[in-house]
Amino acid sequence: MSNVVNEQGSLSINSENIFPIIKKWLYSDHDIFFRELISNGCDAITKMKKLEVMGEVSLPDDNEWKVTVKVSPEEKTITIIDNGIGMTAEEVKQYINQIAFSGAQAFVEQYKDKTNEDCIIGHFGLGFYSAFMVAHKVTIDTKSYKDEPAVHWESEEGVEFEMGEGTRTERGTEITLYLNEDSYEFSNEYRAKEVIEKYCSFMPTPIFFENVDAPAKEAPKAEEGKDGEEAEEKKPQPLNDPNPLWTKHPNECTEEEYKKFFRDVFHDYKEPLFWIHLNMDYPFNLKGILYFPKINTEYENLEGTIKLYSNQVFIADNIKEVIPEFLLLLKGVIDCPDLPLNVSRSALQNDGFVKKISDYITKKVADKLSGMCKVEREEYEKYWDDISPFIKFGCLKDDKFCEKMKDYMLFKNLEGKYLTLEDYVKAAKEAAGETEEIPVGENADGTSATGENGEEAEEKKQVVYYVTDERQQSQYINMFKEAGLDAIFLTHNIDQPYISKLEYDNKEIRFQRIDADLTETFKEEVTESEEDWKKLTDTVTDMVKKALNKEKLTVKVEKLKNEKVASMITLSEDSRRMQDMMKMYNMYGMDPSMFGGEGETLVLNANHPLVKFVFEHKKSKNASVICEQLYDLAMLSHKPLAPEEMTKFIERSNEIMLLLTK
Ligand code: ADP
Ligand code: MG
C-alpha cells in the first residue's frame, strides 16, 4: 500500500496535442460534461452498493445514496459530490492519471483525421476529462471506502497535475470545476438544471441541486391545503427519477403510470393511443416503452422522438442506427446497456450487434401489433386509422416487418368495415357474382401495364377499387353503392407508395381509383344499330369539343344504367399515378402528354335527357351551354375547378337559372 506523497507530474505523453483535439472532437456538445461527471458519481455509488450486497462492507442505517450538484454563479464554479466508493491515491494515479490518458491517446490516433459527422456518441473512457472542455482548473477530493488517507488532486488545463493528501473526511468524491469564461453559463442555476434534466433525468441515483449563492431559504411554511397540520420541514426533492417506468416489469405498471410517464418525458398532453413495453434480458439487455400517438396530420408532419439510454444515462435522441427508421415517428424511450457506445456513428452502422438490436425492436413491435389484431381485434380496428400510416411506412422501409404484418393489414370498405385484403377480395368476388378483372396490358388508356415478360401479360388481375377522398369522389361512391360494388378507403399519402408495393409483391392484384374507369357493371347494352349509335356518339362528341373549344378532349358516350348521372370524368389509373408523381416532383404545369399519360376522359350518359337533348338539338345555342355545363359538373365531382373556370361556371349557372324565371 502506498502512502500518499505529494506528487507532481505531467499528464502523459503528447497531452499538449491531445487536448485541443479532445475539445474539438470528443463531444460536440460541451454541456455533456454534466452527464459524464454525474454518471461517474452514480457509477461510484453503484460499485459501493455492490460491495454492500456482497457483504464486503457494512453501511450505517441512515446511509442515503446521493449525488449533489452545487453551483456558484459568483465564483463560477460547479461542484459534483457523491458518496460512492471513492478513490485511493493509487486509484487516482491509475484511473485518472494513466488510464484516461491511454484512452486519450487511442482516441486521438483513431479520430484525428475523421470528419465532424463521425461524432462520438458515447463514452470513450474519457468522461472525466470532458470537464476540461468547460473548465481551466479541476480539483478532485476523494476518500476511498478503504481505510486510506483522502486524496487531493488538481490540474490546470488538464496538462499537468499535482496530487497530495487531502482533507476530505467522508467516503466519496467531490469534483470542482473552475469554469472558463466562455462556459460561465453552466454555473447559472437554470442553465445547469436544464442540462441535468436533459442528460440525467433517469440516472439511477437521486441527484440533488444547490445554488450556493442563492439567498438562504425562508423558514419552511406549512404547505397549502394542509392547514392545521404541523409545519413539516420540506425535504429537498431530487431532480431526477431514479426508477423510471421502463425499468419496472410491465405487469407492475398501470395505465395511468404509462400516460403520466408519456406526459412527463415528452411534455405532450395528447394521450397516446397505446404503447409497447419492451423488456428483455436475453440475448441482450433491452428495455423501453414505445408510444403510438394519435395522429390528425398528414404523415409528413409527424415527428417522433425516441430517446436512447444506456443504463439510464441519456445518450441521444433518434439514433437511426439503433432505432428502425419508421419507429422514429413514434415517441418513446429505449434503454440498452449493451450498446457499444464508445464508437463512432459510422462504426455503429456496420455493427452486426447493433443491427440485431434494431431487428429485435422491429420484431417486438410487429409481434405486439399482430397479437393485438388476433386477440383484441376491436381495439385494433379502433386504432387502425391512426396507426396504419406508421405500419405502412414500416412495411415500405423494412421487408421483414412487412412480412410479419402482411396478414394484419386492414382496409376499410365503403360500409366502414375493416377487412384484410384477402377477405375483401373474397367478399367483392362473391358480391359481383363474378371476377372483376382487367386484362394486363390493356389499361383504359391503352398503355401497357407492368407486364415485363410475356407470360404475365396473359394473366388476369383482380381489381381493387379505392377511394382517396370521400367527398370529392362521392358521385362515384354512390354509383358503386347502387351497383352493389365495394371499394376501400386509402386516404393517406403513404397509401400510394404502399399500394405500389402491394402490387409489386402480389402480381394478381391491381389497385384502381374509383374514378379511373367505368366498369361494365355500370353500362347498359347498346340496342341501337351500329350506324345509329356511331352517328349519335360522333355528333355528341363533336358538339362537346366545339362547345368547350377542346379539340383534344377524350369524350366517350356510354349508356349508363344510372339515369341520374349525365356526365362524369374518368382518369385512368396510370395517368393519374403519373400526374401524382409529377406533382410530387414538382413538375406540375408541364404538359402531361410529355410523360405519356393521357388527360381526363369525359363520359356522357346517352340515357340521360340532357345528353339526348344535345343530340336532338344540334343547332340550338342551349345545347352548347348544356355541353359546357355538363363538363364543368363532371369536373367538379372529380377535382376542384381552377379559379377562372369556377367563375365561368357560376356565371353560366346563374344564366341557366334565369331561364327558369321566364
Ligand atoms: P469511465 O467512467 O468510462 O471509466 P471516466 O474518465 O469517466 O471513464 O472515469 C475514469 C475512472 O475514474 C472511472 O472508471 C473510475 O474508476 C474513476 N472515477 C471517476 N470518477 C469517479 C468518482 N466520482 N468516484 C470514484 N471513481 C471515479
Ligand atoms: Mg465515466
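Tutor: A charge sits over a ring if NZ of Lys or CZ of Arg is within 6 Å of the ring centre and within 35 degrees of the ring normal. In this model, which is predicted, K412 lies over the face of F489, and its distance from the ring centre is 5.7 Å. A further case is K618, whose charged end sits over the ring of F615 at 4.8 Å from the centre.

Student: How many aromatic pairs does a search of the whole structure find?

Tutor: The search finds 27 aromatic pairs. One of them joins W153 and F161, which are stacked with 6.4 Å from centre to centre and 10 degrees between the planes, and both of these residues are buried. Another stacked pair is F274 and Y383, with 5.0 Å between centres and 25 degrees between planes; this pair links distant parts of the chain, since F274 belongs to strand β9 and Y383 to helix α8, 109 residues apart.

Student: Why does F274 count as buried?

Tutor: Buried means under 20% relative accessible area, and F274 is buried because its relative accessible area is 7%. Y383 also counts as buried, at 10% relative accessibility.

Student: Which elements do the buried residues of α17 pack against?

Tutor: Those residues, among them I626, L630 and Y631, pack against α14, β21, β22, α16 and α18. Helix α17 itself has 16 residues and reaches 23 Å from its first C-alpha to its last, close to the 22 Å expected, and at its start a side-chain oxygen of S620 comes to within 2.9 Å of the backbone nitrogen of N622.

Note on methods:
Residues are numbered from 1 along each chain as its sequence is written. Chains are lettered from A and ligands numbered from 1 in the order in which they are written. This is a predicted model: local features need pLDDT of at least 70, side-chain atom pairs count only at pLDDT 80 or more; totals for chains, interfaces and linings use all residues. Side-chain values use heavy atoms; hydrogens and water are left out. Helices (H or I, at least four residues) and strands (E, at least two) are DSSP runs, numbered from the N terminus. The expected span of a helix is 1.5 Å times one less than its number of residues. Buried means under 20% relative accessible area, exposed over 50%, partly exposed in between (1.4 Å probe, protein chains only). Contact means heavy atoms within 4.5 Å. A polar contact is a pair of N or O atoms within 3.5 Å; within protein, one must be able to donate a hydrogen and the other to accept it, and residues adjacent in sequence count only if both atoms are side-chain atoms. Rings of Phe, Tyr and Trp (its six-membered ring) pair if their centres lie within 6.5 Å; planes under 30 degrees apart count as stacked, over 60 as edge-to-face and the rest as tilted.
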